[in-house]
Amino acid sequence: MFRRLLSIFFCDVLCIGEFCGRSRIERKMTSLNLKASDPESILSLLQDLADVPCNIVQQKLNSYLQSATESKVVFLAPILVETEEMVIHVVGEKILERELRFPVLNHVLHKAVRHRRSVTANATELDQELLHHLHSVVNPVPDLFLCIPVQHPVQPHIALVVCLVNCADRDNAEYMCTKMVQECFKYCLGLLLSTLKCQEETRLKLQCQDLLAVSRKLFTHLGDLSDLLREIMAEARKLTNAERCSLFLLDPEQQDLVAKVFDGVSTRDVSNNSKHHTGQQSVKEMRIARGQGIAGHVASSGKLLNIRNAYDHPLFYRGIDEVTGFKTRNILCFPIRDENGIIGVAQLCNKMNGLYFDVCDEEVATAFSIYCGISIMHSIVYKKIQDAQARNKLSNELMMYHMKQVEAESVQSLLNCRDDHSIKDFDKFHFSPRSVPYKHMPCYVFKMFKELGFIKHWRIKKTTLARFILFVKKGYRDAPYHNWVHAFSVAHFAYLLIVNLKLIEDGYITPLQGLAFLVSCLCHDIDHRGTNNSFQTKCGTVLASLYSSEGSVMERHHLAQSMCILNTDGCNIFESLSSEEYSEVLDLLRNNILSTDLASHFRTAEQQREMILAGYNKDDPTQRKLLLAMFMTCCDLSDQTKTWRVTKKTAEQIYDEFFSQGDLEKSMGTAPIEMMDRERASIPDLQVQFITNLALPLFRNLADLFPAAEPLVEVINNNREVWKLARNLFQEYSQNGTKSMDILLDPTLEDEVLKAFKQCAGIEDEQSSEIGVNIEKDIAGQSHEIISKSFETT
């Protein structure tokens, strides 16, 4: 009964003035079986549209219009006035997994909106993604389709564009189809717009929930900027369904965009590929000038850039794709801001579930960039707070450790020392600096500065130099090996190189570089804790929190402590230098101390070898830097150039320090590496391996460049042979359950090893003893240091 009443009502509304007399147009429509006024079917359609989602509403409307207009496919393109975009959810009866969104302007469907009348358009002008969906519904897609605009019932704008693909091709078909569509939406448009608004609000709600969830994730990574950036890239890919994401931060000093990951590929991988193709060296980061390329353009303009076809865009650089083999199809690049301006740029590549990034992706990216900017700035501030706290803690720790200052009496005692400081062969390579009495070592450091002419040439005040030396000595802890005696030994070898190889006289280094070289050796291990870089990082110590992001944790701390001493009142031995010289000497000090990290040595060892084989160029600043780094490593490993008896004593100190760290790691529930494990370490094997892989190649380079250093290579070779013989004795002792460290400390070991060496070499006792003393020392001691540092940096 109710349905019948409604039917009568619609008949009155639809047909008033028309059922009284049949017009010519009406008769033509009837002849085509197209009925514009069909109350029963519209009523039935309205009943079917009740309480269903927007996608189902559109699906049923498409089905109704397809049947009524005899079209192959129908799809609706509602217009969102607020965002000036069209959105398509359903094509024919196919509900799209991802809605299609595109701007209203400059689109083929906009013709109908602009002219406010039905327009026949060419299907080839449609978006490729929309054509792809049409192909899945009807194949082949007809060339032409009819666009019919539907006026909003209240507002003066077009609310909807109805697209009829391959509608009835007869006389007045366009007029009749237009009439039918308008009649249909006279009653259905309000329902469609309401469900569309509801769906849009639901989408925005889910989008906000996703962004809030992302923000919670981001704020859990504030403690580590690198982790935060990786999380930002992962979430950006997830939110927009992108294949790759790159994140560039703006360097405020250089005004460059800096990235450690570029289009999802590590810069190291990119540069390694580049090296393969171009011979260039690898890099740690990638820099793009602000204003260059797509990312640079966005950083300069501050505007989002959505590129549907990357290869057709003039700003796109194909070089990265050619190197990596990756194919970039489309790009969405947007700026990241904080309250003061742009701090970075994010670049998304290749929409995974679509042909390109749409307006919805732009909205998500814009909103997401706000969270990115906030989280990045909070992370930077948080890191500064952490650094400040760590420095404060470190300052308190150092203040407690070095509570007593160097007193004036100590300075005067050094300057007025009555010892003649004339130990025999002090300036010869075979001399062992560890034989110098401990209390006289500061005096001999002063002697080295004086004999090298640095005091006079650089106008260094004697009281300032004395105070500086005593502060440096006080800065070293009582570690078994990395202590003041080690610093003195390293500085002494620098003195030997300058004197015996005539480095300054022959122009291999300048006087200023010579001064920095000696000071660097003296300071290179200040405040060493007896543990390596790896231990500092794994345990999350105060030093690791300050320096781990830059690498070379302990070396950077040694440099920082050296600067603290130089900045102490009465300790600045560089105070007489000009501003240019002062700046240069600090750079030299930094480079030299950081080069004592074996990781740095291994990175440059090949370049050092190539430099020597090609012939050293004294005028090349790059080669000069490589040479100084090689000198620093030689000095740091100089124990290997002494007698075996001395090198064995040094080895005892090294392994005492190694095994102490290993014991500490065990107490923390961590298994130490073999070198640090007193239960597993085979000291002779470790020594032979160390000499073969590191010490010999290093000093071979030195001897090839300076023939006067050839005896050092012979000493190291002999030390290796002695350690090989010692291996047999260690095996015999170990069969009785004696541990490697206890064997090394056995007072009879030296004589037994040197006796075996004499028998193998066929040398008389006195000669054997002399060789054991003069050829085999330092290889053990410093080889242990190198192995130590190599593990520190691993």
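Please keep in mind that the model is predicted. The protein holds 31 helices and 14 strands. Of its 794 residues, 53% are buried.

**Overall picture**

**Helices H4 and H7**

- Two packed helices are described by the angle between their axes and the distance between the axes.
- Here, helix H4 covers residues 54-69 and helix H7 covers residues 173-219. Their axes are 9 Å apart and meet at an angle of about 170°.
- An angle over 145 degrees counts as roughly antiparallel, and H4 and H7 are therefore roughly antiparallel to each other.
- On the H4 side, the contact is made by Cys54, Asn55, Val57, Gln58, Leu61, Tyr64, Leu65, Ala68 and Thr69.
- On the H7 side, the contributors are Cys177, Met180, Val181, Cys184, Phe185, Cys188, Leu192, Thr195, Leu196 and Gln199.
- Sorted by class, the contact of H4 with H7 has 14 nonpolar residues, five polar residues and no charged ones.

**Asn62, a residue of H4**

- Asn62 lies in helix H4.
- Asn62 has a relative accessible area of 0%, so this residue is buried.
- Setting aside neighbours within four places in sequence, Asn62 is in contact with Val74, Phe75 and Leu76, and also with Val90, Val91 and Gly92.

**Aromatic rings**

- Phe426 sits in the loop between helix H13 (408-415) and helix H14 (441-451), while Tyr444 belongs to helix H14. The two residues are 18 apart, and the pair links distant parts of the chain.
- Both members of this pair, Phe426 and Tyr444, are buried.
- Elsewhere, ring pairs join Tyr508, Phe517, Tyr616, Phe631 and Phe706 into a cluster.

**Lysines over rings**

- A second example involves Lys327, whose charged end sits over the ring of Tyr311 at 3.8 Å from the ring centre.

**Leu250, a residue in a strand**

- Leu250 is placed in strand E7, which covers residues 242-251.
- With a relative accessible area of 15%, Leu250 falls under the 20% limit for buried residues.
- Beyond residues up to four places away in sequence, Leu250 touches Gln255, Asp256, Leu257, Arg290, Ile342, Ile343 and Gly344.
- Leu250 and Ala289 are 39 residues apart in sequence, and their C-alpha atoms are 9.6 Å apart in space.

**Ser369, a residue in a helix**

- Ser369 is found in helix H12, which covers residues 359-401.
- The relative accessibility of Ser369 is 10%, so this serine counts as buried.
- Not counting residues up to four places away in sequence, Ser369 touches Phe334, Pro335 and Ile336.

Note on methods. Residues are numbered from 1 along each chain as its sequence is written. This is a predicted model: local features need pLDDT of at least 70, side-chain atom pairs count only at pLDDT 80 or more; totals for chains, interfaces and linings use all residues. Side-chain values use heavy atoms; hydrogens and water are left out. Axes are lines fitted to C-alpha atoms, for helices over the stretch in contact, and angles run from 0 to 180 degrees between N-to-C directions. Helices (H or I, at least four residues) and strands (E, at least two) are DSSP runs, numbered from the N terminus. Angles under 35 degrees count as roughly parallel, over 145 as roughly antiparallel, 65 to 115 as roughly perpendicular and the rest as oblique. Contact means heavy atoms within 4.5 Å. Ala, Val, Leu, Ile, Met, Phe, Trp, Tyr, Cys and Pro count as nonpolar, Asp, Glu, Lys and Arg as charged, and the others, Gly among them, as polar. Buried means under 20% relative accessible area, exposed over 50%, partly exposed in between (1.4 Å probe, protein chains only). Rings of Phe, Tyr and Trp (its six-membered ring) pair if their centres lie within 6.5 Å; planes under 30 degrees apart count as stacked, over 60 as edge-to-face and the rest as tilted. A charge sits over a ring if NZ of Lys or CZ of Arg is within 6 Å of the ring centre and within 35 degrees of the ring normal.
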